[in-house]
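Open the model in your viewer and keep the selection tool ready. We will go stop by stop.

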Amino acid sequence: MSIQFRITLMFALLLCLVIGVSAALINSFLLDNLIEQQKNELNLKGRFWIEKMNESNVKIETEGVAELEKLLVSNRKIEVLLLGKKKKVLYTSLPSSNLNEWMDALERKAEKRQNRNIWMVGSDDYVVVNLPFKNDEKQRLILASPVRGLKDIRMEMTNNILLIVLIGAVSTILLSFFITRSMVKPLHKLTREIKKVQARHFSEVQLIPARGEIAEVSNSVYSMAQELDRFHEIQRQFLQNASHELKTPLMSIQGYAEGIRDGVFVDDAAEKGFDVIVEETSRLKHIVTEIILLAKLEGEENLFDPSWLSATDLVTRAIERLHPLQLQHNVTISVRPPKTNDVVYVDEGKFLQALLNIIGNALRHAKDQITIEIKSGKRHIQIEVQDDGEGIAEELLPHLFHRFVKGKNGDVGLGLAISRAIIERSHGRLQAENGPIHGAVFRIILPMYSQPEN
């Protein structure tokens, strides 16, 4: 069963339930309301006539009855019983056959001292108003309207209401069907795009136009497909680059090993071959170690053991470890520490490795000067490493932190990827851009924490 049909069915059932309950309540309360209105109408007209009779000298049997009949003209049948002293019938609109039943009913009401709205006379119910007139309790005006007529009115009103509600319900269900269809249609299209993701056709996924929450889902699916496509391309490039990086030292090792085995390289040439084999083996080991480390950084959860450390101390220690490389390139490194709190919550060893990769990369590209500035804000600590080299090529900048992406004088192409993974696992961000005048700027942004008392 489709979601569109289920939503429409549930809405229709709910609407039928509401209409049914409403109809039952209307049918129950409508008669009481009609009876009350009829009683008030009879009471109002009766009192008006009595007041008029009390203020004038009109004879009740003639002019007064005519005035009363004129006053009681309506769409409903109204019975009149006008009693004088000693229950003398002055006037009545009742048939002579029913008059005795009405007089008996009046006697019963008087004996029980009851004056209810509904009287049962014979087999019929009546709405009755019993009023005294001429300032004499023994002279009474009795007005009665049959309940049967009110029941017919109730049935007619109920049928009209139900017809209107039924038309409204059908219109509402049809409208909900088309509204649901407009909501479900993007979902069907979205399902087709998700199946493309399932089939790994990421580049074929299209953005489905929609509104509201469905638009958010559509944007998320489209963004996910783009990210998966990018990740798939990165993985493909990674395999190509990894195979190339591993193949080069293996070919050197194989070539010298076969040459020494076959006697092609002897004496000094063989010694040189052994040196190349050892050097390429070390390089191969370094590449494999960094690949394994990067895989662990991106996969394992309990790899980090963070502690509260000073960002300035970490930068100073990284510079000390890179001192030989600094002397080799003859580059000056200046550090500008913050004036306030610089506490960060990171894994000491791994964050030092990230700093070594970033500062070491700056040393390989700088001409004379590297400036490291540590800035302390309200919520973040920022470590900015800027060199005075040639900067980063514009075509390389978007892919700088991808694996096996190397710039000029690059080593393996995994250092910056490892640094970014370490910093992101430390809840920070690593950014790179070219400086306003020259050189490259690497910016590490970490959340700032208050120094614990202990």
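How exposed is Y256? Select Y256 and check: at 23% relative accessibility, Y256 counts as partly exposed. (Buried means under 20% relative accessible area, exposed means over 50%, and partly exposed is in between, with a 1.4 Å probe and protein chains only.)

Before moving on, two notes on what you are viewing. This is a predicted model, in which local features need pLDDT of at least 70 and side-chain atom pairs count only at pLDDT 80 or more, while totals for chains, interfaces and linings use all residues. Residues are numbered from 1 along each chain as its sequence is written, and side-chain values use heavy atoms, with hydrogens and water left out.

**Stop 1: around Y256**

Y256 lies in helix α5, residues 212–261. (Helices are DSSP runs of H or I with at least four residues, strands are DSSP runs of E with at least two, and both are numbered from the N terminus.) Now select F265, G273, V276 and I277: Y256 touches them, leaving aside residues up to four places away in sequence. (Contact means heavy atoms within 4.5 Å.) Look at G273 again.

**Stop 2: helix α4**

Select residues 147–198, helix α4, and find E193 in it. E193 counts as buried, at 5% relative accessibility. Its contacts are E204, V205, Q206 and I208, not counting residues up to four places away in sequence.

Next, select 161–180. An unreviewed UniProt entry annotates these residues as "transmembrane region". (UniProt positions are given in the numbering used here, feature names are shortened, and annotations may be inferred rather than shown by experiment.) The span is 100% helix and 0% strand, and its end C-alpha atoms lie 27 Å apart.

**Stop 3: the sheet**

Show the strands β7, β9, β10, β12 and β11. In that order, these 5 strands form an open sheet with mixed pairing. (Two strands pair if DSSP finds at least two bridges between them.) β7 (332–336) and β11 (429–434) are the edges; each has a single partner strand, so one side of each has no neighbour in the sheet. From one strand to the next, the twist averages 15 degrees.

Zoom in on β12, residues 440–447, which pairs with β11 in the antiparallel sense over 6 bridges. R429 stands opposite I445, and L430 has I444 as its bridge partner. β11 and β12 form a hairpin with 5 residues between them, and G439 in the turn has a positive phi of about 75 degrees. On to β10: it runs antiparallel to β12, joined by 7 bridges. There, Q386 is the bridge partner of V441.

Which way do the side chains of β12 point? A440, F442, I444 and L446 point one way, and V441, R443, I445 and P447 the other. In β12, 8 of 8 residues are buried.

**Stop 4: helix α9**

Select residues 348–365. Helix α9 lies across β7, β9, β10, β11 and β12, at about 165 degrees to β12. (Axes are lines fitted to C-alpha atoms, for helices over the stretch in contact, and angles run from 0 to 180 degrees between N-to-C directions.) Colour its buried residues, including F351, L355 and I359. Finish at the start of α9: a side-chain oxygen of D347 reaches to within 3.3 Å of the backbone nitrogen of G349.

How values were computed. A polar contact is a pair of N or O atoms within 3.5 Å; within protein, one must be able to donate a hydrogen and the other to accept it, and residues adjacent in sequence count only if both atoms are side-chain atoms.
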